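Please examine the sequence and the structure shown below before reading the notes that accompany them.

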Amino acid sequence: MPQIRAEGLYVGYEGRTVARDINFHVEPGDYLAILGKNGAGKTTLLKTLLGLQPPLKGHVDYGGAPIRGQVGYLSQGLEIQSDFPAKVKEIVLSGFVAKSGFRPFYSAEEKNFAQDILNRLGMGELIRQRFSRLSGGQQRRVLLARALCAARRLLILDEPIAGLDRVAAAELYRLLQRINSAGVSVIVVTHDTAAALLWASHILYLGEDGAVFGTKEAFARSDAAKVYLGDECDE
C-alpha cells in the first residue's frame with residue numbers, strides 16, 4: 001500500500017490554483033524528485049502533503065497511517081529564528097523527539113548518528129556552538145541535520161542543497177541514498193535535474209500543461225522532459 005497517494009489534486013493559496021490535476025503515489029522506499037519551473041507550485045504541494053494547508057481540490061491518502069511524528073521536513077526558509085538561544089547539538093538532537101516518545105534523554109546511538117550527519121555536512125566541529133552565531137548557510141545545514149534525524153518513515157526536503165557548496169551537496173546526496181536504502185521514503189523538491197535523474201527512483205514534474213509522474217527512466221523519455229530540459233539549457 002502506498003505511503004502517499006494523491007488523486008486529482010489541485011493546490012494553491014487564497015483560492016488561486018498554482019498546480020492542477022496532480023496524480024502520483026509514493027511507495028515505501030521510493031525516492032521522488034519534484035521538478036518544475038519557479039512558481040510551478042512545488043513548495044505549495046509539499047505544504048499540502050504535510051497538512052499545512054488544505055488542497056483546493058482532490059485528496060491525499062496516507063495509506064491509513066498517520067504521518068505525524070514519522071516525517072523529517074526541511075523547508076526553503078529557516079524554521080527557527082536566527083537568534084534562537086540553543087546550541088547546534090540541542091537543535092539537531094531535537095529531531096529525535098517524536099521518535100523517542102519524549103524520553104528525558106537521547107540514546108548513545110542517536111547522539112552518534114547526529115554527530116555523523118554533522119560531520120558529513122562539514123559541521124562536526126560546531127556541534128557545541130550556539131545556533132545564533134552561525135552564518136545563514138551553516139544554520140540551514142543544522143536544520144537539514146535535524147530533518148535527517150527526524151525521518152522515520154518519510155523525509156521531505158525543499159531545495160536541500162541551497163546554501164551548500166559542491167562538496168557538501170555531494171555528501172548530502174550520499175546521505176539521502178543511505179537513509180533511503182534503510183527504508184525511509186524521500187521526497188525532494190529540487191532544481192538539480194542531473195542529481196534527480198541520478199538518485200531518484202521517480203519524478204513528478206509540475207508543468208504548465210499539468211503534472212507528469214513516473215519512473216525517472218520514463219520521465220527522461222517524455223515530451224515533458226524535453227521541454228523542461230530544453231528550457232534549462234536555454235537559461
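This is a predicted model: local features need pLDDT of at least 70, side-chain atom pairs count only at pLDDT 80 or more; totals for chains, interfaces and linings use all residues.

Residues are numbered from 1 along each chain as its sequence is written, and side-chain values use heavy atoms, with hydrogens and water left out.

**Overall form**
- The protein contains nine helices and nine strands; these are DSSP runs numbered from the N terminus, with helices (H or I) of at least four residues and strands (E) of at least two.
- The radius of gyration is 18 Å, close to the 18 Å given by the globule rule for 235 residues, so the protein is as compact as a globular protein of that length. The radius is taken over C-alpha atoms, and the rule is 2.2 Å times the number of residues to the power 0.38.
- The C-alpha trace spans about 50 × 40 × 35 Å along its principal axes.
- Of contacts (heavy atoms within 4.5 Å) between residues at least 6 apart in sequence, 66% join residues at least 24 apart.

**Surface and charge**
- Of the 235 residues, 46% count as buried, that is, under 20% relative accessible area with a 1.4 Å probe, protein chains only.
- The accessible surface, from the Shrake-Rupley method with a 1.4 Å probe, comes to about 11,700 Å², and carbon and sulfur atoms account for 50% of that area.
- There are 28 positive side chains and 26 negative ones, and the centres of the two sets lie 8 Å apart. Lys and Arg count as positive and Asp and Glu as negative, while His and the chain ends are not counted; charges are placed at NZ of Lys, CZ of Arg, CG of Asp or CD of Glu.

**Nonpolar cores**
- A nonpolar core is a set of buried Ala, Val, Leu, Ile, Met, Phe, Trp, Tyr and Cys residues joined through side-chain atoms within 4.5 Å.
- The largest such core has 48 residues, of which Leu-155 and Leu-176 touch the most other members.
- Beyond its neighbours within four places in sequence, Leu-176 contacts Tyr-31, Leu-148, Leu-155, Leu-157, Val-186 and Val-188.
- A second, separate core of 23 residues includes Val-11, Val-26, Val-71 and Leu-154.

**Helix H1**
- Six of the eight residues of H1 (residues 42-49) are buried, so this helix is largely enclosed by the rest of the structure.
- The buried residues are Lys-42, Thr-44, Leu-45, Leu-46, Thr-48 and Leu-49.
- Thr-44 has a relative accessible area of 12%. Leaving aside neighbours within four places in sequence, Thr-44 is in contact with Val-11, Gly-12, Tyr-13, Val-18 and Gln-53.
- Just after H1, Gly-51 adopts a positive phi of about 80°.

How values were computed:
Buried means under 20% relative accessible area, exposed over 50%, partly exposed in between (1.4 Å probe, protein chains only).
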